[in-house]
Amino acid sequence: MPEGDTVWNTARVLHRALAGGELTGSDFRVPQLATASLAGWTVRDVAARGKHLLLRAREPGDGRELTLHSHLRMDGAWRVYPAGDRWTGGPAHLIRVVLRTQTTAAVGYHLHDVALVPTAEEHSLVEHLGPDLLAEDWDPAEAVRRLMAHPDTTIAEALLDQRNLAGIGNLYKVEILFLRGVWPWTPVRDVPDLAGMVGLARRLLMSNRGRWTQATTGSLRRGETTYAYGRRGAPCRRCRTPIREAELGGRVTYWCPRCQPAP
Ligand SMILES: [Zn+2]
């Protein structure tokens with residue numbers, strides 16, 4: 001599940017593979033960019049903003065700067081391969097973008113919202129986002145203010161709304177609510193200590209930066225990485241009550257009816 005930490009990791013992998021190097025070729029397999037080419041361009045850096053990826057490149061000579069935007073949503077991924085290696089990230093028809101250097105191929109599978117915009121205008125793609133949980137200038141007070149602006153929304157939906165705070169996906173939503181003992185359908189206005197909740201969200205995402213396994217329990221062992229996410233019918237790790245599953249706002253959610261009681 002690509003969430004803020006996965007996107008942050010992806011940005012780092014792409015940055016290490018491509019930044020500073022000249023692109024020897026590019027291949028955009030999305031209709032709106034079918035004729036675009038970044039061959040000869042230099043990748044300056046790759047950054048994550050919430051769940052958005054921003055790859056910034058500069059044209060040689062006149063120094064024009066463009067940002068390649070992509071979003072992973074539920075199923076997208078970027079993979080990096082040494083030049084000449086087989087690409088193993090998925091079927092070829094899911095490839096949306098290929099960027100090549102002398103030594104590397106970066107292959108984007110099932111990317112969403114692929115766009116090339118002048119770097120000076122890239123903020124227009126991400127300005128709707130709330131405070132970024134993985135940014136150095138993370139602003140928890142602003143995140144709480146934005147959550148409180150819609151007090152009747154369920155907290156489960158509010159945590160996923162990237163306009164409130166950017167970086168939480170379904171797995172962290174489920175786990176944050178479990179750890180805070182909050183019933184997923186609780187309206188935002190009735191959630192005790194929102195500041196504590198967003199602080200926990202920040203700590204969980206930060207602790208998973210730099211690795212691909214998303215663990216909230218402290219264990220990286222398969223089957224032990226989450227308290228509630230993906231565990232329908234399994235005993236709660238705290239009270240042994242079976243974990244429940246339901247749909248909420250179009251997304252699946254999991255909770256322990258005893259540790260997260262309805263009011
Ligand atoms: Zn429980």
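**Exercise 1. Which ring does the charged end of R238 sit over, and how far is that charged end from the ring's centre?**

Solution. The model is a predicted one, and the distances below are computed from its atoms. Begin at R238, whose charged end sits over the ring of Y227, 5.6 Å from the centre of that ring. Then turn to R209, whose charged end sits over the ring of W8, at 4.3 Å from the ring centre.

**Exercise 2. Classify the aromatic pair formed by W185 and W255, and state which parts of the chain the pair ties together.**

Solution. Step one is the general rule: a pair of aromatic rings is described by the distance of the centres and the angle of the planes. Step two applies this to the structure, which holds four aromatic pairs. One of them joins W185 and W255, with 4.9 Å from centre to centre and 80° between the planes; since planes over 60 degrees apart count as edge-to-face, this pair is edge-to-face. Step three places the residues: W185 lies in the loop between α5 (170–180) and α6 (194–208), whereas W255 lies in strand β10 (residues 251–255), so the pair ties together parts that are 70 residues apart in sequence. Step four considers accessibility: W185 is partly exposed, with a relative accessible area of 25%, while W255, at 6%, counts as buried. Finally, W183, W185 and W255 form one aromatic cluster.

**Exercise 3. Carry out the analysis for Y229 and Y254.**

Solution. The ring centres of Y229 and Y254 are 5.5 Å apart and the planes stand at 70°, so this pair is edge-to-face. Y229 belongs to the loop between α6 and β9 (244–248) and Y254 to strand β10, so the pair ties together parts that are 25 residues apart in sequence. Y254 has a relative accessibility of 10% and therefore counts as buried.

**Exercise 4. Which residues coordinate the zinc ion, and what arrangement do the donor atoms make?**

Solution. First list the donors: the SG atoms of C236, C239, C256 and C259 coordinate the zinc ion at 2.2 to 2.4 Å. Next examine the angles: the four donor atoms subtend 98 to 115° around the zinc ion, which makes the arrangement tetrahedral. For reference, the ideal angle for four tetrahedral donors is 109.5 degrees. Then read the spacing of the donor residues in sequence, which is C-x2-C-x16-C-x2-C. C236, in the loop between α6 and β9, and C259, in the segment after β10, are 23 residues apart and link distant parts of the chain. Lastly compare accessibility: C236 is buried at 0% relative accessible area, whereas C259 is partly exposed at 22%.

Methods:
Residues are numbered from 1 along each chain as its sequence is written. This is a predicted model: local features need pLDDT of at least 70, side-chain atom pairs count only at pLDDT 80 or more; totals for chains, interfaces and linings use all residues. Side-chain values use heavy atoms; hydrogens and water are left out. Rings of Phe, Tyr and Trp (its six-membered ring) pair if their centres lie within 6.5 Å; planes under 30 degrees apart count as stacked, over 60 as edge-to-face and the rest as tilted. Helices (H or I, at least four residues) and strands (E, at least two) are DSSP runs, numbered from the N terminus. Buried means under 20% relative accessible area, exposed over 50%, partly exposed in between (1.4 Å probe, protein chains only). A charge sits over a ring if NZ of Lys or CZ of Arg is within 6 Å of the ring centre and within 35 degrees of the ring normal. Donors are N, O and S atoms within 2.8 Å of the metal (3.2 Å for Na, K and Ca); water is not among the atoms, so sites may look incomplete. Four donors count as tetrahedral if all angles lie between 85 and 135 degrees; four count as square planar and six as octahedral if opposite donors are over 155 degrees apart and all others between 65 and 115; anything else is irregular.
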